[in-house]
Amino acid sequence: MSIKKEFLKGLVEKNPVMVLGIGLCPALAVTTSVSNALWMMIATTFVLTCSNILVSLVKDYIPSHIRIPVFITIIATFVTVVEITLKAYQPEVYTSLGIFIPLIVVNCIILGRAEEFASRNGVFISIIDALGMGIGFGLTLTILAFFRETLGANKLFGYTLIPGFKPAGMMAIAPGAFITLGLMLWAMNRIMVSRKHKK
Amino acid sequence: MEIKLFITILFSTIFINNYVLSQTLGICPFLGVSKKTDSAAGMGFAVIFVMTLASVITYFIYKYILLPFSITYLRTIAFILVIASIVQLVEMAINKLSPSLYRALGIFLPLITTNCAVLGVAVLNVDSGFITKEFGLLMTIVQGFGAGVGFLLALMLMSGIRERLETADIPFNLRGMPISFIIAGLLSLAFLGFAGMSF
């Protein structure tokens, strides 16, 4: 029961992007295509899970006043692992995500989970928490990327949707990202309010 | 000749490639601290200072430590630790030298460590090949300073608009984050106009 709760909390109730409003930079920047969003989800979930495991294992040995630098070092190590692996096996993904791979280090979701959850709980439940948060983050990215790719490039996973249709190029660049996320948050608020009314 | 190059870098980082509005870096502080103009100005100046300093120090670290020992894959770890220590040092130095400045900037300084624009400018300095060029140090300084000024500009514009929004009659579900995102989108659309600028 508790495992299910910890997993689902990251998806809906405490969704990092939609509810907590953290991890916004990658959410806006890499969502130009669905495959980019999915790769970002894999990379972030991997770093989040590994750092949560390690932090929950060493939490009793870290003096509390230097815990933040220690957490950042742990996170940066796993980000370097992701960076080197992607560069070697998926060079295309590495170039299209670009600067946002090293910037996973400063994604507040990962440091926030290490500080708030993994440094207070056991290993197993920390893994569940990391998976839930990572997938919740990734799902939001995927929905955002779906709208931006279909409207901004008239494509999905690189395949053209409607031949001869001229896409709205604005959706593929920064303004489209801001406005789409704004509209998604609006829809989310609307759904939340109508849910409260039913109760 | 060189002067023209520096001016091009400065203007392109402030206007054309504004870190917040066209590259979507540093969104968390951009939305978090832009509720009041005073705190927006404080945050902006702190970011200019830290970005310029971080650019200079990461330049030396990359050129004289990481490159000669061919350990450039440690870039992410080295840079984030350097930035975290710079922020800590600056905080202590300002506290000792000018308590009044510390009271104005103090609360923003710890937040800068997780501002992805700061790590972003350090990584971009390396990626754009400034390290090995002639006058590389000056170019990194100009790019770091310009990125900070661009951040300040975006933050000031946003806070000015958000202060006026307080009295505006916005639909209930759109209040708070959704309307901020839509305004950020419109601002970034306006900044798109600078893309046509050339020197």
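Reader: Before we start, what does partly exposed mean here?

Author: A residue is partly exposed when its relative accessible area falls between the buried range, under 20%, and the exposed range, over 50%. In this predicted model, B:Asp127 is partly exposed because its relative accessible area is 48%.

Reader: Which residue does B:Asp127 form a salt bridge with?

Author: The partner is B:Arg75, and the closest N and O atoms are 3.2 Å apart.

Reader: Turning to chain A, which residue pairs with A:Lys9?

Author: A:Lys9 forms a salt bridge with A:Glu6, with 2.7 Å between the closest N and O atoms. The two are three residues apart in helix 1 (residues 2–11) of chain A, which means that about one helical turn separates them. A:Lys9 counts as buried at 11% relative accessibility, and A:Glu6 counts as buried at 14%.

Reader: What about A:Asp129 and its partner A:Arg113?

Author: Their side chains meet in a salt bridge of 2.9 Å, N to O. A:Asp129 is in helix 8 (residues 123–153) and A:Arg113 in helix 7 (residues 108–118), both of chain A, so this pair links parts 16 residues apart in sequence. Both A:Asp129 and A:Arg113 are buried.

Reader: How many salt bridges are found over all chains?

Author: The search of the whole structure finds seven.

Note on methods:
Residues are numbered from 1 along each chain as its sequence is written. Chains are lettered from A and ligands numbered from 1 in the order in which they are written. This is a predicted model: local features need pLDDT of at least 70, side-chain atom pairs count only at pLDDT 80 or more; totals for chains, interfaces and linings use all residues. Side-chain values use heavy atoms; hydrogens and water are left out. A salt bridge is a side-chain nitrogen of Lys or Arg within 4 Å of a carboxyl oxygen of Asp or Glu. Helices (H or I, at least four residues) and strands (E, at least two) are DSSP runs, numbered from the N terminus. Buried means under 20% relative accessible area, exposed over 50%, partly exposed in between (1.4 Å probe, protein chains only).
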